[in-house]
Amino acid sequence: MTSAVLILEDGKKYYGTGLGYQGTVLGEVVFNTGMTGYQEVLTDPSYTGQIVTMTYPLIGNYGITDDYAESNGPKVRGFVVREACKMPSNWRNEGTVDEYLSRHNIMGVSGIDTRSLTRRIRSLGTLRGAITTEEELVANPDSLLEQVRQMTTNGPELVRTVTTEKVYHLPGQGPKVVVMDFGIKQNILRMLQEYGWDVTVVPSYTSAKEIMALAPGGLFLSNGPGDPKDVPEAVATVRELMNVLPVAGICLGHQVIGLALGCETYKLKFGHRGANHPVKDIGSNRTFITSQNHGYAIDGRSLPSNVEMTHQNINDDTVEGLRVKDRPIFSVQYHPEAAPGPEDSRYLFDQFTRLMTQ
Ligand SMILES: NC(=O)CC[C@H](N)C(=O)O
C-alpha cells in the first residue's frame, strides 16, 4: 500500500493511502454529501479540475458499472475518501473504485478523516490542495505549498477540455433543439431523448450564426465546469439568440443565461454538492429535494426588472431558478436530471418541452 498525503493551501496535511493512479495532482478541494452516486460524481464533467471528497464514509460498496457513467470516464482531478470498498457487491458490478481510477489515470487517496476535512472547507471556504504519493513529497509535503498557492482553479480551458469537438445529432420526433455543450452530463441527453427532442449538440464556442443555420426551435444550455465568467463568448452568443429563440439552461447554462440577461454571478464560500438540497419552487410554494453541484451562483440582488426568481435554496436563500417575464426563457441552478439524486424535479423537462413547442 502506498502512502499518500493531501495537503491544503493553509498547510494542513492529511495522511492516507494511495488510490488509483500514483503521482501528484493539484486542484480545488470540494466536498459532496451524497450517500451514493460516487460514479456519477466521478464522471460529471462539471467537476473537471477539482479534487472531490465524499462525506459518506464508505465509497465503492456497489462497485462500478458503465451504466452509471455521466461521461466517457472520471473527470475529477482527484478523489478523497474515508474508506474505499475492496469487495463491492452488486449484480452489475464490474470492478472497484481503485481499479476504475487506475484505469483512467485518476489519483485518489483513502483513509482520510473526511469529516475533519469537510469541516475545514466549511469554515475556511473552498481550498486549493494537492495529493501526492511520490515518496520524497510524502516525506516533505510542504515543498508543494508554493505551487498549490499559485494555482488558478478556473479558466476558459476547463470548458474547452470537456465540450464536444464535433457537432452531433440525436434524432427525435419532438422539438428541434440545439444544445450548447459546456460538458454535458449524459443523463440530460438521455432525458431530452426520452422527451422526444430532436437534439443537435454543438461545442461551447459555436457562434449565434452557426446555431441559427441549424434552424432550431429552441436553445438549451448544459452544465459545465468552472466560472461562468470564463465563457464570455458563450454569454455573447446566448445574449444574441435570446431575442429570437426560447432558451433553457441547467447549472452553468443557468449562470450563462443570467450573465446574458445582465445579472451578476459570484463564487459561493464552499458550494452546493450533494443529492438532498431543499429548493422551493416559489410559484407552487412546494419544496423539492434536489441534486446539486455548483460553486458559483447568480446574485439575487442583481436581477433586472424583467427577470424573476422562480426557485430558491432553503438552506442559504440563494437563487436556484430564473424566468424572464416577457420572453420564453428559464433556467435552474440545480440538476433536475438528477444522476445522482432524487427525480422530484423531472417536471422541469415537461416545462422545457412546453416552452419549446409553444
Ligand atoms: N454543474 C455545473 O454546471 C456547475 C456550474 C459551475 N461550474 C459552478 O460550479 O457553479
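**Exercise 1.** Determine whether Thr153 is buried or exposed, and find what lies around Thr153.

*Solution.* Start with the count: Thr153 has 20 C-beta neighbours inside 10 Å and therefore counts as buried. The cut-offs are 20 or more other C-beta atoms within 10 Å for buried, 12 or fewer for exposed and partly exposed in between, with C-beta atoms placed from the backbone. The model is a predicted one, in which local features need pLDDT of at least 70, side-chain atom pairs count only at pLDDT 80 or more, and totals for chains, interfaces and linings use all residues. Residues are numbered from 1 along each chain as its sequence is written.

Helices (H or I, at least four residues) and strands (E, at least two) are DSSP runs, numbered from the N terminus.

Then list the contacts (C-beta atoms, placed from the backbone, within 7 Å). Beyond the neighbours within four places in sequence, Thr153 contacts Glu28, Gly49 and Arg128. Val29 is 124 residues away along the chain, yet its C-alpha atom is 9.8 Å from that of Thr153.

**Exercise 2.** Describe the two domains and the side of domain 1 that touches domain 2.

*Solution.* The assignment, automatic or from a database, gives domain 1 (3–153) and domain 2 (158–357). Their centres, taken over C-alpha atoms, are 27 Å apart. Each side can then be counted: 23 residues from domain 1 and 23 residues from domain 2 take part in the contact. On the domain 1 side, β3 (24–32), α1 (38–43) and α3 (114–124) each give two or more residues. The largest share, three residues, is that of β3.

**Exercise 3.** Which residues of helix α7 (residues 186–194) are buried, and how are they arranged?

*Solution.* The buried residues of α7 are Asn187, Ile188, Met191 and Leu192. Viewed down the helix axis, they fall within an arc of 140° (taken from the directions from the axis to the C-beta atoms), so they line one face of α7. An α-helix has 3.6 residues a turn, so residues three or four places apart point the same way. The cover over the buried residues of α7 includes β12 (198–203), β14 (247–250) and α11 (347–357). Just after α7, Gly196 takes a positive phi of about 80°.

Key. Contact = placed C-beta atoms within 7 Å.
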